[in-house]
Amino acid sequence: MYVGAFLSQRMLVKAWHARCLQRSDFFQKLHRTCYTSQKQLQLMEKNITMITSDMRWEEYPSGIEFDVLYLDSQPSMYLPKKLSKKLPTVLAIHGAPGCHRDFLQILLPLADQGACRILVPNLPGYGYTKGCMGDEDNVFMHTTDEKAEFIIDFLGNLNIDRIDLAIGHSYGNFPLMKICARTDIIKSLMMVCPTPPEPHKAVRPYSFIKALGELYEDKYIRPFVKLFMFVAKRYIGFGSFSTRDVVQSLRNVSMVDYNDINSFILEMNMKKINSTFIYSDNDKLIETELSINFAERLGVKSGRFVKYSKEEAESGEVKSLHGYPRCIVFDSGTHSPMGRPGYSDIITQEIQHLIKQTETSS
């Protein structure tokens, strides 16, 4: 009898465990990863359920609901409430594909100081942020407009109406540029290896990318596009990413309206927003000439470019540079200098300079 009871109990435990494994989001909400130092909480993964794209799609007239995973330094947890409200807010937006973890190395030192609030949301379609209604991956089309609206809705749900510094990586810069151009929410901007306002070598031939993105929108052809991307991703440098992430990146690229991006540049120049442009000469995705042209169009003058050799960057020592907008050039930073030792130290210090400059000019 005792053996039978024991086996029955084990069967119940196994059944419960199997059920929980099927619901991976259960464990995601049950456990939160904390990035901590010895003294204080630094960054915590949190979730917020929010609605975006209100009145955009006929299928979802009330908008699309997402369970958004984001990083939050939560200064209010270890500072007086009045003081934490006065701290500057830093927002970081990842590229395509990408996630919140891309920024850890440059943001953890800031979180450790507790001198600002840091928010890093995951955009829809990239693993950590999931739809609550079933078909959001196919409805949310990853246009610049949708992403900008998502970011504003995310901030609204957290009762935030001012961003002292926004940081974008790669394609994450386009929605931030729109918010800078069309609103007064963002006070300064750091653009890390931003994709240029024209097709670059990673998305050529662009006509093929556009055609593939359009084919994906046909629900009958969609499975074949997914199969193609599953096979192709290892040959285009995205073998470590899931097929879902690569497919959503394809849609992101195919939906870019370069005319809009170029208009954002003009509007940003009129507003004279303090900004820092960062690129790498050895970026395998973007030509150096396009990055230089992009920086110059954003108002960076010849005397405000500073270049770091591989040895200089790895040392982490910052070179003096005055005035904004300005540009930091890494000789060997690749497309993701944020995660490289030394390079990340230089970027973190530049973030601190931008925040101080914003506080001074406010």
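**Around the largest cavity**

Modeller: Rings of Phe, Tyr and Trp (its six-membered ring) pair when their centres lie within 6.5 Å; planes under 30 degrees apart are stacked, over 60 edge-to-face, and the rest tilted. By this rule there are eleven aromatic pairs. One of them joins Y171 and F174, with centres 5.7 Å apart and planes at 85 degrees, so this pair is edge-to-face. Please keep in mind that this is a predicted model, where local features need pLDDT of at least 70 and side-chain atom pairs count only at pLDDT 80 or more, while totals for chains, interfaces and linings use all residues. Numbering runs from 1 along each chain as its sequence is written, and side-chain values use heavy atoms, without hydrogens and water.

Y171 and F174 are both buried (under 20% relative accessible area, 1.4 Å probe, protein chains only). A cavity here is a set of points on a 1 Å grid over the protein atoms alone where a 1.4 Å probe fits but cannot get out, and lining residues have an atom within 4 Å of a point. The whole-structure search finds one cavity of 30 Å³ or more, and the largest cavity holds about 40 Å³ of space, the volume being that filled by probe spheres set on points joined across faces, edges and corners. Helices α6 (144-157) and α7 (173-182) each supply at least two lining residues; helices are DSSP runs of H or I, at least four residues, numbered from the N terminus.

Terms used
1 Å grid on protein atoms, 1.4 Å probe; cavity = no way out; pocket = protein on both sides within 12 Å on 5 of 7 lines; lining within 4 Å. Buried < 20%, exposed > 50% of the residue type's maximum accessible area, 1.4 Å probe, protein only.
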